Amino acid sequence: MASEQQLSAIKGAKVLMVGAGGIGCELLKSLALSGFQDIHIIDMDTIEVSNLNRQFLFRKSHVGQSKAKVARDAVLRFRPHISITPYHANVKDSDFNVDFFKQFNVVLNGLDNLDARRHVNRLCLAGGVPLIESGTTGFLGQVTVHIKGKTECYECQPKPAPKSYPVCTITSTPSKFVHCIVWAKDLLFAKLFGDKNQDNDLNVRSSDATSSSEHAEDVFERKKDEDIEQYGRRIYDHVFGYNIEVALSNEETWKNRARPKPLYIRDVLPIELIQQNGNADKSFVADDSSSVSAMASLGLKNPQDIWSLRENSRVFFEALRLFFVKREKEIGNLSFDKDDQLAVEFVTAAANIRAASFGIPLHSLFEAKGIAGNIVHAVATTNAIIAGLIVIEAIKVLQNDANNYRMTYCLEHPSRKMLLMPVEPFEPNKSCYVCSETPLLLEVNTSRSKLRDFVEKIVKAKLGMSFPLVMHGSALLYEVGDDLEKDMVANYEANLEKVLSELPSPVSGGTILTVEDLQQELSCNINIKHREDFDEEKEPDGMVLSGWTKEKDKTTSTENGASTSNASEAVSLETKEDSDIEICPIGIESITTGTKRKLPEMSDATIPDSSKNELHEIDDDDDGDDLFMLDDGNSDGSKKKRLQ
């Protein structure tokens, strides 16, 4: 039973929940049943069918409606006398500024992406509001407490970079099935069904070979009065045949690699089968675009079957046909969605055909969907456990019971007969550029990289600033805002296209740039170091951002932030939205002595052989709840102090 002091703290608290999905539904229920009277929820998502297996406040009739609003209505049915305020909006909207956050006693996060997490962390720091982070994936989960000036903030430890693949590997030398998935999803699907004006040419090297008039034109443009079968054959032969021939013409590339085999449709599927493709089972094709399925049309029923090359080719043609017959109005505006059955079928087939060409094992649609969407299976029970732990920590925070704050990790296998592992929080990292204002170091070719590269790849992508301001001394190089004059906007846009060394206030080695985000009330300095060359495979951005960690008289750097990439440089396989459990890159935490966290006597028997003695956070399902998994540590090597 709760004490009178606890009940008083609970009833008088004003709580902000960010996220109303997997953990969010459980958390809202637990808060309401624990006696909280004033709860606010922010969630920008609507309910999808795939949410219903674990987000128990929602029903099929709610599909398409606001998560925050439906969750509120569901809880009010059994706790009608409490106040729940829903916001169907993005937490990064300007309405949710520092003043908005200051009105709450505690903020509880259940997000699905690093960008929003960092944003909330910074607003909580600026407003001095306690933050409780949480996450689950499968049987694993965690709850962490972040108090300004007392514990580490969410960004005190470097976050691992999302996995990205250089475009040269994706387009020319794939060696893993994931390379084929990224090619099919982010290049081929986007080229055929996405924005026609995007900078994405699957065969920029065509002109390097002896180009016939057939390949001098845009192969992906469907000709007037061209039937779908003929168009499909032309696309198939180009991307799986001609492009491979062009790649093979560079003998140097294949000296130490297995040579791929060009695939032309005449060698895989007789033309009469293409013409009959799906015709026998058209009764399976519904008028509702969401029900359209190449598998149903072809009579393929088991998504866990691995299709042959011929079956993949049939699915490829049928999916292409159905897009043009049933969903033609959407073509030109589509982007890959793992909940879009026809899109998953097309990407699976295209990836498998490419894999066959490069001698890579084929995968089932079930496996391909998991890779394309970064899906791992959700466990509703884990969400419930984590939600309960969040409420426990929230009550401690409301009572200012700092001595009993705990970071708690839910393990898949017992350690010392425990599945829940509590760990004492640590003090803020003095090298954290967010809460300690430590300067960063950027290695960049100042005579080649543009200000736009710096703003997009570093300031926005790695530092997570939404409305950045960039200054060199007193010179303002870039700024965004609705209140800017037109001539100022034009001036900043012109600056974006200039290389750093040619800006009105030139940036060179030794320059210190100041970047700010007024909405987040965050400012940091970046020391510029000129560097001529970068490894295209390992450093596709052409820039390397590091944080400073000072130990005695030595200065070492640790990589900071998540790596992103341009379509022209690298393709990243990462989640874009919530759904079945999506993995997002979160921070790395070590439990070895002298690094990030030491857990009490964790037995080797509980840790997989592949990576013993290390924990790091990853993210949850649809609503991004992150968690600790076993992996390599990435701390700065300096000793951390526990919160006293």
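Is leucine 57 buried or exposed? Leucine 57 counts as buried because its relative accessible area is 5%; buried means under 20% relative accessible area, exposed over 50%, and partly exposed in between (1.4 Å probe, protein chains only).

## Basis of the model

The model is predicted: local features need pLDDT of at least 70, side-chain atom pairs count only at pLDDT 80 or more, and totals for chains, interfaces and linings use all residues. Residues are numbered from 1 along each chain as its sequence is written, and side-chain values use heavy atoms, with hydrogens and water left out.

Leucine 57 sits in the loop between strand S2 (38-42) and helix H3 (67-76). Helices (H or I, at least four residues) and strands (E, at least two) are DSSP runs, numbered from the N terminus. Not counting residues up to four places away in sequence, leucine 57 touches Cys25, Leu28, His62, Val70, Ala71, Ala74 and Val75, where contact means heavy atoms within 4.5 Å. Glycine 21 is 36 residues from leucine 57 along the chain, and their C-alpha atoms are separated by 9.2 Å.

Alanine 20 is in another loop, between strand S1 (14-18) and helix H2 (22-33). Its relative accessibility is 1%, so alanine 20 counts as buried. Between alanine 20 and leucine 111 there are 91 residues of sequence separation, and the C-alpha to C-alpha distance is 8.6 Å.

## The annotated cysteines

An unreviewed UniProt entry places the feature "binding site" at Cys153, Cys156, Cys432 and Cys435. UniProt positions are given in the numbering used here, feature names are shortened, and annotations may be inferred rather than shown by experiment. The four positions are spread over 283 residues of sequence but cluster in space, the largest C-alpha distance being 8.6 Å.

Cysteine 153 lies in the loop between S6 and strand S7 (164-166), and cysteine 156 is found in the loop between S6 and S7. Cysteine 153 counts as buried because its relative accessibility is 4%; cysteine 156, at 3%, also counts as buried. Leaving aside neighbours within four places in sequence, cysteine 153 is in contact with Asn121, Leu125, His146, Cys432, Val434 and Cys435. With the neighbours within four places left aside, the contacts of cysteine 156 are Pro428, Asn429, Cys432 and Cys435.

Histidine 146 belongs to strand S6 (residues 140-146) and counts as buried, at 9% relative accessibility. Its side chain makes a polar contact of 2.9 Å with the side chain of threonine 144. A polar contact is a pair of N or O atoms within 3.5 Å; within protein, one must be able to donate a hydrogen and the other to accept it, and residues adjacent in sequence count only if both atoms are side-chain atoms. Beyond four places in sequence, histidine 146 touches Pro130, Leu131, Glu133, Thr151, Glu152, Cys153 and Tyr154.

Lysine 185 is part of helix H7 (residues 177-193). With a relative accessible area of 7%, lysine 185 is buried. The side chains of lysine 185 and aspartate 186 are joined by a polar contact of 3.2 Å.

## Nonpolar cores

In soluble globular proteins, nonpolar side chains tend to be buried together. Here a nonpolar core is a set of buried Ala, Val, Leu, Ile, Met, Phe, Trp, Tyr and Cys residues joined through side-chain atoms within 4.5 Å. The largest one has 62 residues, of which Phe193, Phe316 and Phe346 touch the most other members. Helices that each supply at least two residues of this core include H7, H9 (228-248), H13 (309-326) and H14 (341-357). H7 gives the most, with 12 residues.

Phenylalanine 346 touches Leu188, Phe189, Leu192, Phe193, Phe316, Ala319, Leu320 and Phe323, not counting residues up to four places away in sequence.

## Strand pairing and positive phi

Strand S11 (residues 468-472) runs antiparallel to strand S13 (residues 512-517), joined by five bridges. Two strands pair if DSSP finds at least two bridges between them. Methionine 471 has threonine 514 in S13 as its bridge partner. S11 also pairs with strand S12 (residues 475-479) in the antiparallel sense, over four bridges, and leucine 469 has glutamate 479 in S12 as its bridge partner.

The hairpin of S11 and S12 has two residues between the strands, and glycine 473 there takes a positive phi near 65°. Asparagine 400, in the loop between helix H16 (380-398) and strand S8 (407-415), has a positive phi near 55° although it is a residue other than glycine. For arginine 416, also a residue other than glycine, phi is positive and near 55°; arginine 416 lies in the loop between S8 and strand S9 (418-423).
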